[in-house]
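Hi there,

Here is the structure I promised to pass on. Have a look, and my notes follow below.

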Amino acid sequence: MLKNLLNSFKALTLVAVSMVSGGTLHAQGYTLDVEITGEGSAELFYYDYSIGNLTENLETKTYTFSVDFFNSLMIQNVEGELLSVEINGTASETALQEIKESGKTSFTIPEDTKAGSLKLVFEGGEEPSEPEVPEEYDMAINLTVEGGEAEVSYWYYLADPLDEKQEGVLAAGMNYLDNMWNSTSNHYHIYLAATAADGYVVKEVYVDELPTSYSSDNIFIQRDDKGAEVNVRVVCEETLPEGYHTITLKSTGVESLSYYINVPNKEMTQTSAHFSGTEDVVVPIHDGGYFTWNYSAPLDYTVRGLLVNGQPLKEVSEDGQTYVVKSDVVLELDYVVTEYCEVTYEEPVGGKMYVEYQEYDLEAGYVYLPLDLEPGTTLMTGTNYRVTFEAAEDYALTAAYVNDEKVFEADAADEEYEYTYEGTVWGPVALKMETKAIMSVDEAVAEPVEMHVYSIDGVLVRSCVAETVDEAVSGLAQGLYIVNGQKVVVR
């Protein structure tokens, strides 16, 4: 079996030395920096036709593999007490266990980096430092970062008092956290957020070697037992992969005012939600990918919507919720401080206004409730309202205004009697409507006046001095006429 393996793989023998410096070859494809310490040995197999039949004792050295598709090595026949395996500068418990249990493992050079490093630490050499373990703790986080640099911050609420928030940054290795018990939900829990350094992006985050449902931010970890130990592995890669863009979530700068975007991965099989709190967050997304969004806000703030490159999402998105990414985008939350705004109106002549506002009901959802417009009536910012402008008997509606903006105007040739307007309260609301009286042929005027009778299409039919409208239109054919600006029906 070994003979067949050697026919397709080249074998190198790893002999432990004490940090001997070696040469560096110019990279043609992938490079691997190998470093060994302590007393022990192992065999390293790799696939690279271009090198030929090469066997030598390995010292600390950089090896170059000229084929671009090379990205995997195999270690076996390990002899000696292996204490740790470091891949790309980070200790890998998974690789160490595989070697100890089966005597062989594989090492994968991260794609797109074209370089990697491998360090084997045997007994008799440098031993991994062990963190001091407290007598009691609620949860321990063993953090490793691979393929680049990233900062992992955390936050949780202390058990006593319940409303005090504890936050900080995790270091590599075990981080022992206590006083995390949440009496309202009966478990220990913590939120993590991984932020890559400049020049890197967070590719994946694993918790106990399982991929998280959130690829980089707002990682929620929950354990029911005190003293739980959790392994968190953050995988980074240099710059963005080809065909990807960035979504920058600008910070609100306000505690508890947060927004989320939901980004399906390239295969559209998994959705990742990314969180923005008091720090900017940069999220990778493939070209043509899309996101949707939602938010949470304290009562002191009201969210107006999401801004995409400074423009409201509802103006740049077909459904006001989904956005397809074709280039780098910057997102910001459009919000205002919550206020109670007065709703006022002018008492109309020949008309009436009916105002309703929207309120949430557990059974019916959002429903409209009648609003009695007493002096000082107020609505909270963000409240949706509906106003019906209705003309009285013998009157027609000609115009309606909201904050001096004309939202409705009747066509002069038609008679309108009702109009409904829906809006959202973002400040004081002033309502106004205009009407005109509709005269019938038997209505009398106060005294004889000069009257001008026009057809409905504006042609002057008659000019006369008359005491009544009936007298002014006497003898005319049936139809609709305009007498001194008022509509008159002759039957």
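How much accessible surface does the protein chain have, and what share of it belongs to carbon and sulfur atoms? The accessible surface is about 26900 Å², and carbon and sulfur atoms account for 46% of it (areas by the Shrake-Rupley method with a 1.4 Å probe; for residues, only the protein chains shown count as cover).

Please note that this is a predicted model, where local features need pLDDT of at least 70 and side-chain atom pairs count only at pLDDT 80 or more, while totals for chains, interfaces and linings use all residues. Residues are numbered from 1 along each chain as its sequence is written, and side-chain values use heavy atoms, with hydrogens and water left out.

The protein chain has four helices and 42 strands (DSSP runs numbered from the N terminus: helices are H or I, at least four residues, and strands are E, at least two). Of its 491 residues, 38% are buried (under 20% relative accessible area, with exposed over 50% and partly exposed in between; 1.4 Å probe, protein chains only).

Finally, Leu-362 lies in the loop between β31 (351-361) and β32 (365-371). Leu-362 counts as exposed because its relative accessibility is 79%.

Best wishes
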